[in-house]
Amino acid sequence: MITYNHENYIREAIEGVLMQNIDCDMELIISNDCSTDTTDAVIKEIIQSHPKGSLIKYFFHEQNLGMMPNFIFALKQCSGEYVALCEGDDYWTDENKLQKQIAFLDNNKEYAGCFHNVLVINEMVPDFKPKPWREYDKHDFTQPDTFSKLALFHTCSFAFRQRFLEFPTWFEKVKSGDMALFSIISAKGKLRLIDGIMAVYRKNERGVTSGQKIIDYHQNRIRLMRFFKAHFGVYQTHLNEIIAYHRKEIIKTYKKKVLSIFKIK
């Protein structure tokens, strides 16, 4: 669990992990990237007062590392056979989530990881109706499925085999660390969709409202696909198609900006 200025959300995120019913040992790694609000105090209070607070292994960075270095740091602290992800502003809702995923991976060695659907909520949009992250038409997925225009699944749903973790030199340079991780893990084996909605993703649409932010988003996706092309050396045509899609979206956004500036309709 990585966190930064999540004082209003971190308690729910932590409690969603600590409520898990599993038949093996568990630890919760929390890496706080120098939050400037009360996130640190909330975490420390939970560690002291919660019956399972001793399961938390907490790190507070005195200087801000940035999202990707913090993500990598947190992943490197994981020593268990399996790793599951949940950022500090999301939360798990099913107390048997981990057990379901661990049981599946224990019994299906050919799979590198598994995921499930999540409920999307947007507290920034009045009257926003919660909805599932995706509609899926199959249960088994391979690496090409992770090379998608949109993320195949959400970060807070993913559990995978820790031994498949690796950090290419380009990993810290990307903006979408979760998508990069999905593709790296899926290079080692299939991914399985576990039925059910077992977590909540809090969406904040302020992140991609302006034209420039939309352009940055697509540029970052192009950069990621180019890293994939060089690193994996396969699926070149598929990756080129995704790059072409993001280029078209950039051009469309630029045209909208020009029309807006000159008020042309």
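The model is predicted, so local features need pLDDT of at least 70 and side-chain atom pairs count only at pLDDT 80 or more, while totals for chains, interfaces and linings use all residues. Residues are numbered from 1 along each chain as its sequence is written, and side-chain values use heavy atoms, with hydrogens and water left out.

**The sheet.** Select strands S1, S2 and S3, which form an open sheet in that order with parallel pairing. Strands are DSSP runs of E with at least two residues, helices are runs of H or I with at least four, and both are numbered from the N terminus. Two strands pair if DSSP finds at least two bridges between them. S1 (2-3) and S3 (56-60) are the edge strands, each with a single partner strand, so one side of each has no neighbour in the sheet. Now show S2 (residues 28-32): its parallel pairing with S3 runs over five bridges. Click Ile29 and find Lys57, its bridge partner in S3.

**Helix H2 on the sheet.** H2 lies across S1, S2 and S3, at about 155 degrees to S3. Axes are lines fitted to C-alpha atoms, for helices over the stretch in contact, and angles run from 0 to 180 degrees between N-to-C directions.

**H1 against H2.** Show side chains for the contact (heavy atoms within 4.5 Å): Ile10, Arg11, Ile14 and Leu18 from H1, and Thr39, Val42, Ile43, Glu45 and Ile46 from H2. By class, this contact has six nonpolar, one polar and two charged residues (Ala, Val, Leu, Ile, Met, Phe, Trp, Tyr, Cys and Pro are nonpolar, Asp, Glu, Lys and Arg charged, and the others, Gly among them, polar).

**Helix H3.** Move to H3 (residues 67-76) and colour its buried residues, Met68, Asn70, Phe71, Ile72, Ala74 and Leu75 (buried is under 20% relative accessible area, exposed over 50%, partly exposed in between, with a 1.4 Å probe and protein chains only). These buried residues pack against S1, S2, S4 (82-84), S9 (159-161) and helix H6 (177-186).

**H3 against H6.** Finish with H3 and H6, whose axes come within 11 Å and cross at roughly 40 degrees. H3 is therefore oblique to H6. Met68, Phe71 and Leu75 of H3 meet Gly177, Asp178 and Leu181 of H6.

Methods: Angles under 35 degrees count as roughly parallel, over 145 as roughly antiparallel, 65 to 115 as roughly perpendicular and the rest as oblique.
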